[in-house]
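Have a look at the fold before reading on.

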Amino acid sequence: MQVLFIDIDSLRADHVGGYGYEGPTTPNIDDLIDDAVAFERGYVANSPCMPSRAALTSGRFGIANGVETHGRQSQQIDRPENRTDWAGSWTENQPERPWWTLPELFFQNRIPTIGVSSFPRHPAPWFYHVWHTFRQPQEPDEEMTVEWGHVSFQTPRAETVTDTAIEELEAVDGDSFFLYAQYWDPHAPYNRSADEIERFRDTPLPPHPTEEQLEAHREWDTLRGATQEGIETRGDLNEMISAYDAEIRYTDRHVGRLLEYLKSTGQYDETLIVLSGDHGEEFGEHGLYREHWSTHDGTQRVPMIVKPPADTEMEQGTREHLITNVDFAPTIADYLGESPPERWQGTSLRAIIESSDADGRDAIVFDHGLYTAQRAIRTPEWKLVRTYHPGMWGGVLPEYQLYEMNDDPWEQDDLAADRPDLVDSLEEEMILWAERHRTGSVDPLRRVAERGPSGYNSFKDGFEGV
């Protein structure tokens with residue numbers, strides 16, 4: 001069994017060529033899509049970084065694994081060893097393996113399990129628990145003229161991630177592996193050259209924010225607001241998005257190198273390849289620029305691409321099914337020939353990969369917990385956003401937002417006041433979902449709302465209101 005999972009930070013689905021973007025951001029990812037199934041309605045179950053990866057690796061939603069935000073509230077994932085002071089090996093007493101994570105599933109099957117990631121720079125001990133090999137690329141600590149300081153922390157390069165991943169593949173003894181390669185790019189800060197940015201300046205801008213919206217946003221005194229980010233016109237917005245696109249193109253080039261290595265060594269066809277993002281990035285659609293802060297699609301919707309092994313069935317193309325990244329773990333287990341641990345909450349996508357006519361869900365639910373505490377329910381037509389804590393935007397964010405997603409994909413026309421019956425119906429469905437999926441007596445997202453989201457607690461002293 002050969003599995004490659006490519007995890008790209010801050011990658012919006014609608015900035016990928018294979019998802020319809022007009023800029024030349026992702027030629028290599030687009031080639032992968034030609035060999036794969038791409039999910040148009042793929043959402044991370046939890047955002048941003050730490051909650052998203054907890055959902056991915058645990059196979060459980062944040063409401064069950066307990067990781068809904070960053071900071072102190074994210075340090076422990078819900079597992080038996082975190083519930084007691086028992087000093088022994090609890091796994092020996094768990095023959096049904098209900099708590100295994102995705103890396104553990106491979107580890108316990110004695111398949112080389114390799115992580116190459118900059119993510120542990122966020123302190124999350126549960127993330128790099130039980131791997132055969134875990135590599136953290138480290139860049140030289142050299143000064144750069146970027147707003148966030150040194151190369152060594154916020155800017156591990158995609159080039160180094162790919163170099164390290166290839167080193168590890170070359171060292172694999174045998175014909176099986178699970179390789180997780182996580183790219184920090186295109187997360188801010190944006191460090192591409194003027195020439196790299198120039199190629200994207202003619203890419204059409206999205207319709208929102210309009211000039212009128214920009215004017216209103218400049219009145220906000222808030223983290224990542226238009227004024228703080230220097231966004232006065234749509235020309236300024238174009239410069240920011242062009243820099244973001246250049247980062248995506250840079251990452252794509254090095255993702256392409258990793259895929260080319262598999263092809264050159266004859267492993268590409270037989271490798272199960274999954275490519276996704278941990279969250280997206282918003283650019284003023286709702287007032288924040290270059291930030292992931294909500295359950296809007298700019299933050300929550302990411303590319304989700306699956307290329308199965310060549311000897312398995314696949315109907316290549318796109319899918320409209322509603323999925324979350326919690327579905328990846330059981331999907332990979334399915335191709336491995338293993339039943340998923342009973343605590344996993346996702347559903348294998350294999351039937352949908354094999355046929356576009358396969359049944360899907362009527363709705364999915366997902367959370368954000370860093371700057372706000374929000375839960376959203378998404379159906380094929382509607383999205384209801386419930387805000388439990390507005391973060392620094394108490395004067396802006398309503399408690400309920402309702403959007404008709406087919407006619408209003410940019411989520412601009414809030415219909416909550418016009419459709420109270422639908423708001424009540426969708427909220428009831430969301431409450432029932434929470435009751436089915438939570439494992440403790442307290443909903444962890446509600447606890448985040450009571451204590452304050454981590455990002456809000458970090459910055460509130462500097463921004464005391466809108």
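Angles under 35 degrees count as roughly parallel, over 145 as roughly antiparallel, 65 to 115 as roughly perpendicular, and the rest as oblique. This is a predicted model, with pLDDT of at least 70 needed for local features and 80 or more for side-chain atom pairs, while totals for chains, interfaces and linings use all residues. Residues are numbered from 1 along each chain as its sequence is written, and side-chain values use heavy atoms, leaving out hydrogens and water.

The axes of H6 and H9 come within 9 Å and cross at roughly 15 degrees, so the two helices are roughly parallel to each other. Axes here are lines fitted to C-alpha atoms, for helices over the stretch in contact, with angles from 0 to 180 degrees between N-to-C directions. Helices (H or I, at least four residues) and strands (E, at least two) are DSSP runs numbered from the N terminus.

Where do the two helices touch? Residues in H6 including Ile166 and Leu169 meet residues in H9 including Leu258 and Tyr261, contact meaning heavy atoms within 4.5 Å.

Now the sheet: 8 strands form an open, mixed sheet in the order S5-S4-S6-S1-S7-S10-S2-S11. Strands pair if DSSP finds at least two bridges between them. S5 and S11 are the edge strands, each pairing on one side only.

| Strand | Residues |
|---|---|
| S1 | 2–8 |
| S7 | 272–277 |

S1 and S7 run parallel, joined by 6 bridges, and Phe5 has Val274 in S7 as its bridge partner. H9 lies across S1, S6 and S7, at about 175 degrees to S1.
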